[in-house]
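Please look over the sequence and the structure before reading on. The paragraphs that follow go through some of the local features, one region at a time.

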Amino acid sequence: MKAEIIAVGTELLLGQIVNSNAQFLSVELAALGIDVYFQTVVGDNSIRLQEAIEIAKGRADLILFTGGIGPTEDDLTKDALAVSLGRGLHIDRMAMDHVDQFFSDRGVQMTENNRKQALVIDDSTPLPNETGLAVGLAISHEGKYYIVLPGPPREMKPMFTEKAKPWLQQHALTDEMPLYSKMLKFAGIGESLLEDKLIDLIHGQNDPTIAPYAKEGEVTVRISTKAPSYSEAMEKLDSLEEQIQDILPNHLYANIDVPLEKVIVDWMADAGLTVSCAESCTGGLLMESITSIPGSSSAFLGGIVCYSNEMKHKLLNVPKEYLEGVDAPGAVSREVAEVLAEQVRLTADTDYGLSITGVAGPGYSERKPAGLVYIGLAERNGKTEVFELKLKGNRENIRIRSVKAILYQLWRRLVERNVDTPTEGSGL
């Protein structure tokens, strides 16, 4: 079944509010096995709304509306849909009682325009609004299905989940199979290179499907299939996941939708391992990423933001000859990243020490370009490694990618050490 979502409201077109309703509905519909092919936003204009409805009728089996069912003159969704379907409108008695009771309970006189919120289209199924006043609608007409929902998310979400979804399952989805998905999370590899590695699988995909997408420092691949049961779906998805893991064993860190820092924190906490951090150009962003994870205190003991050369020397004993002088490698160097990682590990007495020093930009520092970053990883009774990064992007992009890069190196070290008790679903 193909669906289209029509969000009604001039405020959406003006960018005054974000259309979060479409995101919610797309996820919910996918779980029901319904493919959302189009999302339309139309202002509070009857002619344009009717035009949008006619276009949607020509390309979708199910049309869902959000917004435009309130008490004001510019709330036009029900009127426009009634015209399109050639049906009339009437006041639903139960919906009107709900509106009356609302004002009565508050001792406020109801204005006449509030009666509009109890309007329903003839021969439709009213969808009661338990968190607001405007009644929704469900309609079956000439082989098409229509769902009308309120605009405010606090009203729309429960109405869809508790009223519209059961109606769809009973009237429209008797032959539809639900969609099942797994989210495979990758680090240490860019979207273009990942796609190149998986290109044969992507070109050959039919069922399950493969959809990669990226955000700063990480890539996600969603694999999806329709199946009559969870067990049959997982059999297909697990098989595809194994093929992908065989191709990218050094980058697949989870098969559930979690950030890299959560996998690391949970894994280290389970294994009784600890980490500390020394940061310069990221200014505490690495520590913020780690401590944003509940339970991080079991693994993270502390860290130091040593932004200036003076603090690098005073707090973590970076030799002055590394930091100052014509022949000094400078704060942005392999040498300094190594000392920072080793010294913070020793100071905190942790199993691992992480460091980041570089140029976040936008300009040069120490005659070195923005995006040049060195990250260090020190280990108790193990080797210290330093990695050079040459990153592109603005200041915030560089800071985020630096953090993700050192977290990836820590994850790789844990994999190499065969640390026991990985987090469930980590894909390790």
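Ser26 is found in helix 2. The model shown here is a predicted one. Is Ser26 buried or exposed? Its relative accessible area is 18%, and buried means under 20%, so Ser26 is buried. Apart from residues within four places in sequence, Ser26 is in contact with Ile5, Val36 and Gln39. With Gln39 there is also a polar contact, in which the side chains of Ser26 and Gln39 are joined at 2.9 Å. Along the chain, Ser26 and Gln39 are 13 residues apart, and their C-alpha atoms are 9.2 Å apart in space.

Helix 2 also packs against another helix. Two packed helices are described by the angle between their axes and by the distance between those axes. For helix 2 (residues 20-31) and helix 6 (residues 153-171), the axes come within 10 Å and cross at roughly 20°. Angles under 35 degrees count as roughly parallel, so helix 2 is roughly parallel to helix 6. The crossing in which helix 2 passes helix 6 is right-handed. Which residues of the two helices meet? Helix 2 contributes Ser20, Asn21, Phe24, Leu25, Glu28 and Leu29, while helix 6 contributes Pro153, Met156, Lys157, Phe160, Thr161 and Lys165. Sorted by class, this contact of helix 2 with helix 6 has six nonpolar, three polar and three charged residues.

**A threonine in strand 2**

Thr40 is found in strand 2, which covers residues 35-42. Thr40 has 17% relative accessibility and therefore counts as buried. Leaving out residues up to four places away in sequence, Thr40 touches Glu4, Ile5, Ile6, Ala7, Ala52 and Arg59. With one of these, Glu4, the side chain of Thr40 makes a polar contact through the side chain of Glu4, at 2.6 Å. Ile5, in this list of contacts of Thr40, is also in contact with Ser26.

**Helix 10 against helix 15**

A second pair of helices can be read in the same way. Helix 10 (residues 260-271) and helix 15 (residues 395-416) pack at an angle of about 40°, with their axes 10 Å apart. That angle makes helix 10 oblique to helix 15. The crossing of helix 10 and helix 15 is left-handed. On the helix 10 side, the residues that meet helix 15 are Leu260, Glu261, Val263, Ile264, Trp267 and Met268. On the helix 15 side they are Lys404, Leu407, Tyr408, Leu410, Trp411, Leu414 and Val415. The residues of this contact of helix 10 with helix 15 divide into eleven nonpolar, no polar and two charged.

Glu261 in helix 10 has 10% relative accessibility, so Glu261 counts as buried. Which residues is Glu261 in contact with, leaving aside neighbours within four places in sequence? They are Glu218, Ser289, Ile293, Lys404 and Leu407. The side chains of Glu261 and Lys404 are joined by a polar contact of 2.8 Å.

Ile189 sits in the loop between strand 9 (179-187) and helix 7 (191-197). Although Ile189 is in a loop, it counts as buried because its relative accessibility is 10%.

Tyr352 lies in strand 15 (residues 352-358). Tyr352 counts as buried, at 3% relative accessibility. The side chains of Tyr352 and Glu379 are joined by a polar contact of 3.2 Å.

**Backbone features in loops**

Most residues other than glycine have a negative phi, and most peptide bonds are trans. The residues below depart from one or other of these patterns.

The peptide bond from Asp207 to Pro208 is cis, with omega near 5°. Pro208 has its place in the loop between helix 8 (199-203) and strand 10 (209-215). Gly361 and Pro362 are likewise joined by a cis peptide bond, with omega about 10°. Pro362 is found in the loop between strand 15 and strand 16 (372-379).

Asp123 has a positive phi, near 60°, and lies in the loop between strand 5 (119-121) and strand 6 (125-127). With a relative accessible area of 70%, Asp123 is exposed. Asp349 also has a positive phi, near 55°. Asp349 is placed in the loop between helix 14 (334-348) and strand 15, and at 49% relative accessibility Asp349 counts as partly exposed.

Note on methods
Residues numbered from 1 in each chain as written. Predicted model: local features only at pLDDT ≥ 70, side-chain atom pairs only at ≥ 80, totals over all residues. Heavy atoms only, no water. Axes fitted to C-alpha atoms, helices over the stretch in contact; angles between N-to-C directions. Helix = DSSP H or I, 4+ residues; strand = E, 2+ residues; numbered from the N terminus. Parallel < 35°, antiparallel > 145°, perpendicular 65-115°, else oblique. Left-handed = near helix turned anticlockwise from the far one by under 90°. Contact = heavy atoms within 4.5 Å. Nonpolar A, V, L, I, M, F, W, Y, C, P; charged D, E, K, R; others polar. Buried < 20%, exposed > 50% of the residue type's maximum accessible area, 1.4 Å probe, protein only. Polar contact = N/O pair within 3.5 Å; in protein donor to acceptor, adjacent residues only side chain to side chain.
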